[in-house]
Amino acid sequence: MIKIPYLAALTTLFSYGLLFVFGQLRDFFRKIFDCWSHSKLQGYAPICLGLEDFYIRRLYLRIQDCFNRPISSPPDAWFDVVERVSNDNNKTLKRTTKVSRCLNLGSYNYLGFAAADEYCTPRVIESLKRFSPSTCSTRVDGGTTTLHTELEESVANFVGKPAAVVFGMGYVTNSAILPVLIGKGGLIISDSLNHNSIVNGARGSGATVRVFQHNTPYHLEKVLREQIAEGQPRTQRPWKKIIVVVEGIYSMEGELCKLPEIVAICKKSKAYVYLDEAHSVGAVGKTGRGVCELLGVDTADVDIMMGTFTKSFGSCGGYIAGSKELIKYLKYTCPAHVYATSISPPAAQQIISSIKVILGEDGSSRGAQKLARIRENCNFFRSELQKMGFEVLGDNDSPVMPIMLYNPSKIPAFSRECLKRNVAVVTVAFPATPLLLARARICISAAHTKEDLIKALEVISRVGDLVGIKYFPAEPKKQQLEESRVKFE
């Protein structure tokens, strides 16, 4: 878990306290002035009461220009960011006709497939002509094309499972699958920092949910033992089913899951393992097959493998891979398969083509080069940030690199100053992270060149000095720059 520096924690708490007090004062005077005005909706209860939208009105709106920035080009290594202006202190933002060409450090374009590709793009265009942009139907009606069947076979072979089923949205893959896999009388044990889609899916399942400390196998074992010993609440009957849910790479921390230890614990306890590889499949491992390949875990020991196509494959949607019996069951019962429109055929073709490039089935070595490039880029960029004195979370090989900001005033300062220097970064704050743990999340791509990374490091270092987020002593600048250039040369 993250240990906040004492001074950073103190100033962060003071800043939020100050914002809260001034926000309450503004709300107090607002109520007084509202007494003189008559509501147009007489007899209606207010949609938002008291503190329900306090955070949005008094904190978020002050810095909303740092979020939801529109772009007008593919999310490649460089992209066009549309400039916005506000005439009412950031309450509303209006787009202008001006764009800024910025270095993209925020998109999940891990392997560079989001832009035009010499192999993928012509095939996607051809599939658009042949199948149209949408099937306009669910999978069980008229929404299953030959591309969907081919895609499911390709995904199953790629991740090393007997069968797979694909869905049109990655978020729904988790939130719709978990209620089908388990229900009342079952137990879900979830990592404390799992994605919101997992949280919603677990809550909607009706199963009992328990949480273990983030990426801590010994605490998982403790929770498992306690729950197996106690049984179901009130009745103390044995659990019908136990599923342990973890992520391959945690999207807000950039950490690799301690999968070998977790799998060993689940084997002893006869619990199923549900692995979310949204950020790891395609991005890590010698051939891009994810954390199982990277950490040496047999895919047969992972019962349910989930992933998305929105990161490494430059498309949309998600998948579940597992045994043939499991996938057949999901196709009959999962609402995302039975009721939702099937994945777009061009999106399916993009995934199929990108998998072929990764595996070298396109007749080139571009896939291997992309995997080597992202690994080199990630490890170089992370090490250089740490040398500069930033507090960087995550592990080597992970393309996600959170830089801790903590203080609420540093969230907009870091984002705006980077944008001024034509570097687009994503800042993340509450509710996506705990209130005190705001951060900038850097995402590295295989599309980034050595010049891109060096420019980004220079800008981030300069802004880091300006904003004051270098919480550790830095190495001498000359030595640092020389080493960075030598590594690439």
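Here are a few worked exercises on helix packing and aromatic pairs in this predicted model.

**Exercise 1.** How do the axes of helix α7 and helix α8 cross, and which residues meet?

*Solution.* Two packed helices are described by the angle between their axes and the distance between the axes. Start with those two values: α7 (residues 217–230) and α8 (residues 259–269) have axes that come within 9 Å and cross at roughly 15°. Angles under 35 degrees count as roughly parallel, so α7 is roughly parallel to α8. Next, the handedness: α7 passes α8 in a right-handed crossing. Now for the residues: on the α7 side you'll find P217, L220, E221, L224 and I228, and they meet E261, I262, I265, K268 and S269 in α8. Sort the residues of this contact and you get 6 nonpolar, 1 polar and 3 charged.

**Exercise 2.** Classify the ring pair of F20 and F54: what are its geometry and its place in the sequence?

*Solution.* The whole structure holds 9 aromatic pairs. In this one, the ring centres of F20 and F54 sit 5.3 Å apart. Their planes are at 65°, and since over 60 counts as edge-to-face, that's the label for the pair. F20 belongs to helix α1 (residues 6–34) and F54 to helix α2 (residues 54–58), so the pair ties together parts 34 residues apart in sequence. As for accessibility, F20 is partly exposed at 40%, while F54 has 5% and counts as buried, because the cut-off is under 20%.

**Exercise 3.** Are F309 and F313 buried or exposed, and which cluster do ring pairs link them into?

*Solution.* First the geometry: the ring centres of F309 and F313 are 5.8 Å apart with planes at 70°, so this pair is edge-to-face. Both residues, F309 and F313, are buried. Finally, follow the ring pairs: they link F158, F309, F313 and Y319 into a cluster.

Definitions and conventions
Residues are numbered from 1 along each chain as its sequence is written. This is a predicted model: local features need pLDDT of at least 70, side-chain atom pairs count only at pLDDT 80 or more; totals for chains, interfaces and linings use all residues. Side-chain values use heavy atoms; hydrogens and water are left out. Axes are lines fitted to C-alpha atoms, for helices over the stretch in contact, and angles run from 0 to 180 degrees between N-to-C directions. Helices (H or I, at least four residues) and strands (E, at least two) are DSSP runs, numbered from the N terminus. Angles under 35 degrees count as roughly parallel, over 145 as roughly antiparallel, 65 to 115 as roughly perpendicular and the rest as oblique. A crossing is left-handed if the near helix is turned anticlockwise from the far one by less than a right angle, and right-handed if clockwise. Contact means heavy atoms within 4.5 Å. Ala, Val, Leu, Ile, Met, Phe, Trp, Tyr, Cys and Pro count as nonpolar, Asp, Glu, Lys and Arg as charged, and the others, Gly among them, as polar. Rings of Phe, Tyr and Trp (its six-membered ring) pair if their centres lie within 6.5 Å; planes under 30 degrees apart count as stacked, over 60 as edge-to-face and the rest as tilted. Buried means under 20% relative accessible area, exposed over 50%, partly exposed in between (1.4 Å probe, protein chains only).
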